[in-house]
Every structure is written in structure tokens, then in C-alpha cells.
Amino acid sequence: MRDEACRRWRPSLGAYVLGQLGEDERIAVQAHLDACSGCRAEAAELGTVARLLPSADPSRIERAPAPRPDLADRVLDRVGQARRERTRGWLPRAAATAAAVLAFAAGLFLGLRGDDAGERVTFGVAPAGVTAEGRVRDLAWGTEIEIRVAGLEAGERYAVWLEEPGGDRVPAGTFRAVSGREITVTLAAGLPRGSAVALGVSDEEGATVLLASLV
Amino acid sequence: MRAGRRALRTEADLRSAYAEHGGELYGFALRSLEDRELAEEVVQETFLRAWRAGSRFDPEIGSLRTWLFAIARNVVIDQARARARVAPVERAEFPGEPDAVERALVAWQVEEALRRLAPDHRRVLVETYYRGRPYAEVAAELGIPEGTVKSRVYYALRSLRLALEEMGWTDEG
Ligand SMILES: [Zn+2]
């Protein structure tokens, strides 16, 4: 920057990367860039920014859109409600929720309760008539999964999996739906909780019937 | 078990995270979904998911802001897909695909960075670049020499880069 030529040409680099210079000046700047690595690096940095400009819509930049002022309270309300549900336990009352299927048997499960009960997950995708709730818990050897579900086709076998960011699925096991009642299945997958982006259940044809985002 | 404390554990944590990032998350969601109600819904759902997953936030890996935006991006995709199921052909561009959401995120970031520029700098970029007006005309209108317009364009781009970097943008090149 101490160099006389740099002082002269550097302020033109913005116009240069935007293609706004007249022919003579563009050639002069180009000649300086060929000789000066400092200005070349600067032009490259500005060029990256210049290439992003077309994605912006100039009509949107005068004023930042703002949410309604009570959104902060609604955010707190929603979390507060979830907090109350969590402390209350995760289904209102269902006496007949004996674990019908234990797809992963290792005697490792002490039952999901208490503070370290993992996190509740909501299935954003579920067929009509099917109710389901899940819970995942990060453990040293992978992720423990508990699913409570009712309304699946009786007798059909379902596969449970965790999805990785790239779309690969790590199987957690299978279970068979039981007619007319809610079942609880506990399974596990050898994938750390933090590496899973979704929890899913698919039928024998491989179609996804339940899907919950974990991120 | 794990080092560090759970993020967003208390109401005060949530309040300050909202004060810091709520507006930006809303701006991004609105830019993606073009619907104020849905955008507010995205913000609520983002903080809910963040609260639920709070133990997985690791401040040594990234900022709270980056983490919230990663969650918001997924919520936007979920919202767009849910809307598409209800009204399949309402909009020309379907924003439910990750690529479209990514584009909206870049667009929002650039617009937000432009908003953060000094007004003089923003002005010359808008006039010369977006409106394509000649330097001489802009210089005359602003009552400044052409050379000043040119150096303002230069500083505008430099400031824009800094603003983008502050927002967590990195050039992948
Ligand atoms: Zn130079």
C-alpha cells in the first residue's frame, strides 16, 4: 500500500471488479494487478463480494422488516409450554403403554425418566390416523430412541432409522405394529445424537411413514 | 457428563438470544417464505428446537447465531413443505428445497449487509451497480467528484465484505 502505484490504483479496484471502468483505466488497473500481488489479492477478495451482489434485491434494502413486537413473548410462551410438558412426563396418561416390542435388547435401558431423559421429538410427517411421539437420548455408544405410536397397520413390520446430514441412514431396528393399541418401542442406533439430522420410520416397502427433524 | 452448560436454559438466556438474533431470524424466514405469519412461526419453532437441543450447542464449535440459523434453515424447509402440501401451485418458486432456501439465505445476508453500510456507501452501490447509472451522472447528483464516487464504491465493497464476515459468511473459494 505504500507504493505510489498502489495508492493510485487501489481505489479503482471496486469499480474494476464490478466492470464499471472505462477501457483505458481497466487496462491500466490490469497492468498494475499483473505486477502487484497485494492488489491482486485485494481484487480477488472484492471480486467474491461482487459476485454475490446479483442475489440481492435492491428494493428490499432500504428498510429491515421487523416482526410484531409481541413475538418475543410468544417465543417465551412456546418454550415455557414445552418446559411444562417435559416436567409433566411425556404422555398425559396412558396406562396401557407397556413396552410391547423391544427391538434392541441389551439390558442397557433403565427407562427414560428423570433429568437425563433425552429430548422429545415431534413427527412432522405422519399419516392420517397415526399418532406418534418420540424421544432420543445421546449416550456414549450411540443414540437411544423411544417411540410411542398408535394407528399403524397391525402386523406390518416397520424399520426405524436415524439420518445423517448426507442422507445416509443408520438403522436402529424394526418392530411390528399391534392392532388397536399404542405401543412403545425402544431401540438404538450406533450414531451419536449430534450427527443425526432426522428420525424416521419406514414400512416394508421402504416408504417413510413417520419423520421427525432432529435439528 | 458434558463440559459447558446447556444453552438457552433460562428465560433470561432466551430473552437475550431473542433480542440478539430474533430480528435476523425473522428477516431470513420472511425472505424465504414471503409470509409474515409463517416467518413468525419459524422464529418461535426455531427457539423451541434450540431450547430442546440446548445441551448439544457447543460454543467452542460455533456461535449461537450460526447454530440458530442452521436450525431456522430446517424449520423454513419444513414450513415450506407443509405449505406446499396444502396449496401445491400457489407460488412459482417452491422454496421447500434446500437449494432454494440456501439462495434465500444468501440473498438475505447480502441485503442485510447492504443495510449495514454507511448511507453514502450504500447509495453509490445502488446508483452505479443496481441502477446502472454512469459515474458522472451520480457524481453530479451528489455534488462530489467522480473520483470520490469511485473510491466510495471501493470502500462500499470492502465494508460489505466485513459485514458479511461478521454475519458468519465465508467465501468457499
Ligand atoms: Zn498494488
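Guide: Gladly, and please keep in mind that this is a predicted model.

Visitor: How much of chain B is buried, and what makes a residue count as buried?

Guide: A residue is called buried when its relative accessible area is under 20%. Of the 173 residues in chain B, 53% are buried. As for the surface, chain B exposes about 8,500 Å², with 51% of that supplied by carbon and sulfur atoms.

Visitor: What share of the contacts in chain B links residues 24 or more positions apart?

Guide: Among contacts with a separation of 6 or more, such pairs account for 61%.

Visitor: Why is the packing of α5(B) against α6(B) called oblique?

Guide: Helix α5 (residues 119-130) and helix α6 (residues 135-142) of chain B pack at an angle of about 140°, their axes lying 10 Å apart. Roughly antiparallel needs an angle over 145 degrees, and roughly perpendicular covers 65 to 115. The angle therefore makes α5(B) oblique to α6(B). Their crossing is right-handed.

Visitor: Which residues make that contact, and how do you know how they divide by type?

Guide: From α5(B) come Arg123(B), Val124(B), Glu127(B) and Thr128(B), while α6(B) brings Tyr135(B), Val138(B), Glu141(B) and Leu142(B).

How values were computed
Residues are numbered from 1 along each chain as its sequence is written. Chains are lettered from A and ligands numbered from 1 in the order in which they are written. This is a predicted model: local features need pLDDT of at least 70, side-chain atom pairs count only at pLDDT 80 or more; totals for chains, interfaces and linings use all residues. Side-chain values use heavy atoms; hydrogens and water are left out. Buried means under 20% relative accessible area, exposed over 50%, partly exposed in between (1.4 Å probe, protein chains only). Contact means heavy atoms within 4.5 Å. Accessible areas come from the Shrake-Rupley method with a 1.4 Å probe; for residues, only the protein chains shown count as cover. Axes are lines fitted to C-alpha atoms, for helices over the stretch in contact, and angles run from 0 to 180 degrees between N-to-C directions. Helices (H or I, at least four residues) and strands (E, at least two) are DSSP runs, numbered from the N terminus. Angles under 35 degrees count as roughly parallel, over 145 as roughly antiparallel, 65 to 115 as roughly perpendicular and the rest as oblique. A crossing is left-handed if the near helix is turned anticlockwise from the far one by less than a right angle, and right-handed if clockwise.
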